[in-house]
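Please read the points with the sequence and the model at hand.

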Amino acid sequence: MLHVSCGSALAPISSTMPDGASSSHGDEGGEGPSFATVQRMPQNVLEPLPLMAMCRTRRGSRKSRSDSTRVHVTRDPSSSSITGGSEPHQSIPRGLLRRRAFFVAVVAAASACALGGLALSIVGAAVSRRVFAPHRGAGSQPSSSSPQHLVVLQHGLSGTVGDLSRLARELQDKSGGEVLVHSAGYNAGRNLDGVSAGGRRLAQEIVDVVNRHSSLSRISLVGNSLGGLYTRYALAELFEKNAGLGSRGRIAGLAPEAFVTIGCPHLGVRRFTFVAVPQLLRSAAGVLVGRTGEDLMLRDRACLLERMAAEDGGFLEPLRAFNRRGLYANLWGDFMVPFGTAAFEPSWGSGLLDEQSVSTLLRRPGIEVVDREVLERKSDGIALRWDVAASASDAASVRAMDDDDREAAQEVEMAANLERCGWSKFAVGFRSTGTFFPMAHNKLAAVERSGWRKWAFSWLEGTTDGDSLMGEIAAYILDSPEDSHRRFLARQHVPC
C-alpha cells in the first residue's frame with residue numbers, strides 16, 4: 001500500500017479507482033493497488049501527488065523538490081518493489097562538482113582582490129591629494145632648539161607624511177638631541193607625475209627646511225619605495241661639487257652623512273614585478289600610475305632610470321659624496337618591489353622565485369649571516385648583510401645574463417654602475433610572508449597607517465612586524481661604520 005507523508009504525518013492514499021477497482025481507506029489488512037494501477041488513475045486524481053519526487057527521473061522534478069512543503073513517498077513493505085518506465089537520472093559526481101566550485105571560487109576571489117587593490121590604490125591617491133596636501137611641510141620634528149643633523153624621510157607611492165613615523169621616533173630616541181627629523185610632505189598625494197617631478201619637489205622642500213634652521217651642518221636621506229628614487233633625483237638637484245678643500249661635495253650646503261633606501265625599485269619593475277608581466281600589458285602601467293608608471297617600466301622617452309644609473313648622467317657622483325650608503329630589501333614575499341630591483345641583483349628577476357634564489361645568494365663569497373633564525377622562519381628582521389666596495393662591479397651577474405637580451409643588458413649595466421658607489425646591503429625576512437602571502441613590502445618600513453588607511457590596510461599588512469627593524473635602520477643612519485660593525489660582532493657573540 002502506498003502512503004504519502006506531508007511534513008511528519010503519514011496519510012493513506014484515498015481515491016476511487018476506475019473500472020470498479022477500489023482502494024483501502026486505512027485498512028491495514030487489505031492489499032493496496034499495484035503501481036501499474038496507480039498509473040492508470042485519471043489525471044485529476046494523480047495531479048495532487050508529486051510522484052515525480054519519488055523517482056526523481058525528470059528535470060521537472062526539480063520544481064517539485066523546491067516547494068516549501070517536502071513530500072515523502074513511502075510504501076508498504078509487503079508490496080512489490082516499485083519499478084517504472086522512467087529512465088535513470090545521470091548525475092554529475094560530487095567530487096567533480098566540488099572541484100569546479102572550488103576553481104570558480106578561487107578565480108572569483110583572485111579577481112576581486114586584484115580589482116579591489118587597484119580601486120583602493122586609485123582612490124587612495126585621490127584622497128591623499130585632497131586630504132594630506134594641505135599639510136605639506138608639517139613633518140619636522142626637532143630633538144633640540146639647535147639641531148645639527150637633518151634626516152629627511154620620504155614616503156612612497158600614495159604615502160603620507162606619517163608613513164615613517166616609527167622610524168622618526170627611533171631616530172629621535174637615539175639621537176641625543178642633535179637631530180632634526182623631517183618627514184617630507186610636498187609629494188603627498190602627488191605621486192603620478194613622474195620621478196623627476198617628485199624629485200624636484202623634494203629638493204625644494206629640503207631647501208626650505210635648511211633655510212629655516214641655520215644650525216644644521218649635516219644631512220642624511222631615507223627613501224621608502226618610490227621615495228628612494230625621489231631622493232636620488234633630488235641629490236642631483238642639490239649637489240654642490242667640490243665645495244671646500246678636500247670635500248667630496250655638499251647637499252644643499254650640508255655635509256652628506258648617510259643615504260638609505262628601503263624597498264626601493266632602483267632598476268624599475270619592468271622585469272621585477274612579482275609575476276612576470278607580458279610586453280603587451282606593460283603599457284597599462286602608464287594608465288594606472290601615470291608617468292610614474294612609465295618611468296618604473298622603463299618606457300619613458302627620457303629613459304630616466306637608465307640615466308640616473310649612468311656614469312655620465314650626473315646622479316652617481318652625489319651618491320658617492322655620502323659617508324655610507326645602505327639599502328634594505330625583502331628576501332621574499334614583496335609583491336610591490338621584489339629583491340632583484342630593491343638590492344639591484346638583476347639575475348633574480350620576478351619576485352615569485354625569490355625564495356628559491358636565497359640558497360644561491362648564501363653561496364656567494366662575503367655574505368654574512370646576521371640571524372639564522374630569520375632564514376629558518378623563526379624570527380623577523382635582518383637575515384643577511386654584505387658590503388660592496390666602492391668602484392667594484394658584480395661581474396658574476398653580468399656573465400650570468402644573456403647579452404642578446406637588450407632589457408636584461410640594460411638592467412645589468414644599471415646595477416653595476418650603482419654598485420660602484422659602494423653599498424651596505426641588508427636582506428630582511430618576515431616569517432609571516434612568502435610566495436603565497438607576499439605582503440612584506442610595508443612591513444619593511446613599518447609603515448604607520450592613520451585614518452581610513454588604518455582601517456582598510458593595517459589588519460592585512462601587519463606592519464608592526466617591522467618595528468624592531470626601525471631601530472637597526474636608525475642606528476645605521478646615526479652611527480659611524482665602526483659602530484655598526486661593532487654591533488654586528490656583538491650579535492655574532494664575537495669579541496671586538
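Where in the chain is the place of Arg-377?

1. The model is a predicted one. Arg-377 lies in the loop that runs between α14 (372–375) and β13 (381–388). Its phi is near 65°, which is a positive value in a residue other than glycine. Arg-377 is partly exposed, because its relative accessibility is 28% and that class covers values between 20% and 50%.

2. A positive phi is also found at Ala-446, a residue other than glycine, with a value near 50°. Ala-446 belongs to the loop between α17 (441–444) and α18 (452–461). With a relative accessible area of 0%, Ala-446 is buried.

3. As to the overall build, the secondary structure of the chain consists of 20 helices and 14 strands. The chain has 496 residues, and 46% of them are buried.

4. Which residues does Leu-150 contact once its neighbours within four places in sequence are left aside? The set includes Leu-180, Val-209, Val-210, Leu-216, Ile-219 and Leu-254. His-182, Arg-218 and Ser-220 are also among the contacts of Leu-150.

5. Strand β11 (residues 324–330) is mostly covered, with seven of its seven residues buried. Arg-324, Gly-326, Tyr-328 and Asn-330 point one way from β11, while Arg-325, Leu-327 and Ala-329 point the other way. The residues on both sides of β11 are all buried.

6. Strand β11 has pairings with β10 and β14 to consider. β10 and β11 pair in the parallel sense over five bridges, and Ala-258 stands opposite Arg-324 of β11. Strand β14 (residues 423–429) runs parallel to β11 and is joined to β11 by five bridges. Within β14, Val-428 is the bridge partner of Asn-330.

7. Is Asn-330 buried or exposed? Asn-330, a residue of strand β11, is buried because its relative accessible area is 0%, and buried means under 20%. Asn-330 and Ala-427 are 97 residues apart in sequence, yet 5.8 Å apart in space from C-alpha to C-alpha. Not counting residues up to four places away in sequence, Asn-330 touches Phe-339, Val-428, Phe-430, Ala-440, His-441 and Leu-444.

8. The last point concerns the surface. Val-275, Leu-352 and Leu-353 make a nonpolar surface patch of about 230 Å². Val-275 is located in the loop between β10 (255–262) and α9 (284–296). Val-275 has a relative accessible area of 46% and is therefore partly exposed.

Terms used: Residues numbered from 1 in each chain as written. Predicted model: local features only at pLDDT ≥ 70, side-chain atom pairs only at ≥ 80, totals over all residues. Heavy atoms only, no water. Patch = residues over 30% accessible without salt bridge, like charges linked within 9 Å, V, L, I, M, F, W, Y side chains within 5 Å. Areas by Shrake-Rupley, 256 points an atom, 1.4 Å probe, with all protein chains shown as cover. Salt bridge = Lys/Arg side-chain N within 4 Å of Asp/Glu carboxyl O. Helix = DSSP H or I, 4+ residues; strand = E, 2+ residues; numbered from the N terminus. Buried < 20%, exposed > 50% of the residue type's maximum accessible area, 1.4 Å probe, protein only. Contact = heavy atoms within 4.5 Å. Pairing = 2+ DSSP bridges.
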